[in-house]
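The structure comes first, then the details.

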Amino acid sequence: MVALRVIDVQRMTAILEAFSILDDIRWSDANNYNLINYCREDLTDDEKLLTHWLCYIMDRQMPFERIWAIGGYIISHLVHSYVSSPTRNVAEAIGPYIKRNGKTFYLEAPLEGPNPKLARYGITGHTVSFASRYMPEDLVLIYRTLGILDKVAGRSFARFICLALSEEMDLEQGIKRMALALNQLTYVAGGAVSGAKFDQRIREMDREIADFELEIEMGRTLWGRKRLWCTLRDYLKSPEFNPPFVSSLREAGYSNPDRWNKDSAELRAALRALELPGDVWNNAEVFRRGLFAPYVSNVRKTWDMPRTIREIYEFITRVGTTRFYPEQLDVSFDFVPRMCQLGMCDVCLFGGGIEETCHRKKDILCPVVLYSCGYRHRCDPSTCSLKEIPVRGFCKATRSAANP
């Protein structure tokens, strides 16, 4: 296959730099994403991380707000029970939460007290119920995860990550090791499971758990693992999850966990190892046609944006430098539905430009990022990077874009 080429490095780099700025803004404020509705306030940092990991297992083709609000409550209840009752086997720990109605499966937990987030969904009774779109397959993956953690890591998510990191001192290689290990922990066992086959699949999973040994095959690239990369990204970049990630590593005995602090320059450089979580938005035809197709050649017919953006990044870094790294294009999850799908070309960074929306008023919410991605960000005209990036008119999928 002929290698991908960037035919206008200057413009392609500027486009990616703009997305890098939007991504930095995204992670600068916890209000820019939904928080998990934990069942109690005294969960340990390790329990919070494991809750987050299990919630992401269920994050497919349904509103993520329901998963964090309702699923998060039940999963955190399950996790706390699992961790605080180490003498009960995994089946006994998870069993009370799994309910069946014929071939239909769902999760259920007691409602311990008033919960405003659940009340918004009309949940005010004695129990909380939730079913992901892919039940009971998701239950099998949750069961596998808890079973392996019980076998090799004392039911600690952080201890499992420490096993994955081993003695690795290079953070970029450490990110790759974590990704490969977490894939083995959960997603390697993915596959459709019917309600009729659930018990059989659990018995098979028991045998797989009994034989499990962590073996990390360095050099392997994990494409098509959107939920894995999203979760790992949160642990390394999120102001909500990075502090408990660092704290739980310390509690698990990892030496120098502060190297994994999100403000560490060493970690920032290593984030280039993260892959873009592929989704319908960064693979949207209008997005690809407008901002990428005009500036690259020899792209595979199916595009597959995670692979394509990795190739674009590697091409650019061979001939120059950029602050951007592939995972940062995940802001397209917020950008494309607000801008491309709604035809907001006249006020788009890459279309008509931001002159009509940029107010340059210190400490007032920036309308540019609010329109573009729905992010809350206080304006500081003296440090704003967006107005310094010359990308007006770079999108070729819009008629309203100026021609610089």
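Leaving aside its neighbours within four places in sequence, with which residues is Ser372 in contact? The model is predicted: local features need pLDDT of at least 70, side-chain atom pairs count only at pLDDT 80 or more, and totals for chains, interfaces and linings use all residues. Residues are numbered from 1 along each chain as its sequence is written, and side-chain values use heavy atoms, with hydrogens and water left out.

Beyond those neighbours, Ser372 is in contact with Asp334, Phe335, Arg338 and Met339 (contact means heavy atoms within 4.5 Å). Ser372 sits in helix H16, residues 367-373; helices are DSSP runs of H or I, at least four residues, numbered from the N terminus. The residue is buried, at 1% relative accessible area (buried means under 20%, with a 1.4 Å probe and protein chains only).

Two distances describe its surroundings.

| Pair | Distance |
|---|---|
| Ser372 side chain to Val368 backbone oxygen | 2.7 Å |
| Ser372 C-alpha to Pro337 C-alpha | 9.2 Å |

In sequence, Ser372 and Pro337 are 35 residues apart.

The second largest pocket has a volume of about 350 Å³. A pocket is an open set of points on a 1 Å grid where a 1.4 Å probe fits, with protein on both sides within 12 Å along at least five of seven lines; lining residues have an atom within 4 Å of a point. The volume is the space filled by probe spheres set on the points.

This pocket is lined by 18 residues, and Lys176, Thr221, Ala273, Glu275 and Arg310 lie nearest its centre. H8 gives the largest share of the lining, 5 residues.

Terms used. Helix = DSSP H or I, 4+ residues; strand = E, 2+ residues; numbered from the N terminus. Buried < 20%, exposed > 50% of the residue type's maximum accessible area, 1.4 Å probe, protein only. Polar contact = N/O pair within 3.5 Å; in protein donor to acceptor, adjacent residues only side chain to side chain.
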